[in-house]
Amino acid sequence: MSFKALLVERDDEGKTTASVQQLDESQLPDGDVLVAVEYSTVNYKDGLCVGPGGGLVRNYPHVPGIDFAGTVERSSDTRFKAGDKVVLTGWRVGEAWWGGYSQKASVKADWLVPLPDALSTYQAMAVGTAGITAMLAIIALEAHGLKPDQGPVLVTGAAGGVGSVATAILHNLGYEVAAVTGRPETADYLKGLGATTIVPREELNETVKKPLEAETWAGCVDAVGGAMLARILGQLKYGASAASIGLAGGAQLPATVIPFLLRGVNLLGIDSVMQPYEKRLAAWEKLSTALPMDKLEGMIQPATLGELPELGAKILKGQIKGRVVVDVNA
């Protein structure tokens, strides 16, 4: 059986090209479950893998797409049967294993999660890895004591995928949201998702000499890292937490330990790739009720397989707003 997929190839000189091609099922990796993919999405890692790979892709030719949702065609694992709706995020699919930019995907059963009844496959990919990461961050913040009556929660990189979903969920859960963005033109979009305050990026992206500033934020979902995260640590309220989910501003953290010692703040690392099944399932279930669907619809940009090389380049430049949903059958 042949199917369409976005195939990335590399020549002898190391140059990569991505194009939509017809492939055969025999070319798929040896997985437990064959899924007829319906939708995928575009994440920062996808941008790397559609292009030169960023060190993530092990072997070529390669099919990127780190998440997808679809219907099981056949399964050798008793947990899944033909006709089941499933979703996959993480596990290095789309990096070390062929991924979701394809009409067919063959994967390990352990990597799949049943699609929550409240979500369609289209909505699941509007959520995608970015949304699950946002939900995991909020779950972690609440587990460390965050409550709506404690003050504003800061979301950095707010117009991106994780930030957009985090803003909408936090607002829906009753939090006051301060959204950080370097794109002033996204202010109305962010307010539509529920942001109360728009914080220009330049107000936070410089390090200061003071290890502590005024206690301002009850919590933070941070997609930026670098100097901005270091500064935010010094602005958190006593006992508050920052959930670190990205490094758009760099991997270095030019911080001091003073906020930890004098204010008892917490820095929480959030990984969505290797999360255990039960935590992954719980995040999907909570997300299906915590994220308002009307807000989700407002984030979506539709796309096809053929548009992915251009979209991959754009997301690496920070030029994608909200969530891209890829109809692999369009």
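Is arginine 79 buried, exposed or partly exposed? With a relative accessibility of 47%, arginine 79 counts as partly exposed, where buried means under 20% relative accessible area, exposed over 50% and partly exposed in between, computed with a 1.4 Å probe on protein chains only. Before we go on, please keep in mind that this is a predicted model, in which local features need pLDDT of at least 70 and side-chain atom pairs count only at pLDDT 80 or more, while totals for chains, interfaces and linings use all residues. Residues are numbered from 1 along each chain as its sequence is written, and side-chain values use heavy atoms, with hydrogens and water left out.

Let us stay with arginine 79 for a moment. Its side chain meets that of aspartate 77 in a salt bridge, at 2.9 Å from N to O. A salt bridge here is a side-chain nitrogen of Lys or Arg within 4 Å of a carboxyl oxygen of Asp or Glu. Aspartate 77 counts as buried, at 17% relative accessibility. Side chains of opposite charge can pair when their charged atoms come close.

The whole structure holds twelve salt bridges. One of them joins glutamate 73 to lysine 104, with the closest N and O atoms 2.4 Å apart. Glutamate 73 belongs to strand S4 (residues 67-75) and lysine 104 to strand S6 (residues 104-107), so this pair ties together parts that are 31 residues apart in sequence. Helices (H or I, at least four residues) and strands (E, at least two) are DSSP runs, numbered from the N terminus. Glutamate 73 is partly exposed, with a relative accessible area of 33%, whereas lysine 104 is buried at 10%.

Strands pair if DSSP finds at least two bridges between them. Strand S3 (residues 33-41) and S4 pair in the antiparallel sense over seven bridges, and valine 37 has glycine 70 in S4 as its bridge partner. S4 and S5 also run antiparallel, joined by five bridges. Here glycine 70 has valine 86 in S5 as its bridge partner.

Next come the rings. The structure has two aromatic pairs, which are rings of Phe, Tyr and Trp (its six-membered ring) with centres within 6.5 Å; planes under 30 degrees apart count as stacked, over 60 as edge-to-face and the rest as tilted. For tyrosine 39 and tyrosine 122 the centres are 5.2 Å apart and the planes stand at 80°, so the pair is edge-to-face. Tyrosine 39 sits in strand S3 and tyrosine 122 in helix H2, so the pair ties together parts that are 83 residues apart in sequence. Tryptophan 97 and tryptophan 111 form an edge-to-face pair too, 5.0 Å centre to centre and with 90° between the planes. Tryptophan 97 lies in the loop between S5 and S6, and tryptophan 111 in the loop between S6 and S7, 14 residues apart. Both are buried: tryptophan 97 has a relative accessible area of 17% and tryptophan 111 one of 14%.

The loop between S5 and S6 also holds tryptophan 91 and arginine 92. Neither is a glycine, yet tryptophan 91 has a positive phi of about 60° and arginine 92 one of about 65°. Arginine 92 is linked with Lys45 and Glu95 in a network of salt bridges.

Now turn to helix H5 (residues 226-233). Eight of the eight residues of H5 are buried, so this helix is largely enclosed by the rest of the structure. They pack against several elements, including strand S9 (177-181), strand S12 (236-244) and helix H6 (258-263). One of the buried residues is arginine 231, at 16% relative accessibility. Arginine 231 forms a salt bridge with glutamate 213, the closest N and O atoms being 2.9 Å apart.

Our last stop is helix H7 (residues 277-290), which has 14 residues and reaches 20 Å from its first C-alpha to its last, close to the 20 Å expected at 1.5 Å a residue; the expected span is 1.5 Å times one less than the number of residues. Among its buried residues are Arg280, Trp284 and Leu287. The cover over the buried residues of H7 includes helix H2 (121-143), helix H3 (161-172) and helix H8 (293-299), with contact meaning heavy atoms within 4.5 Å.
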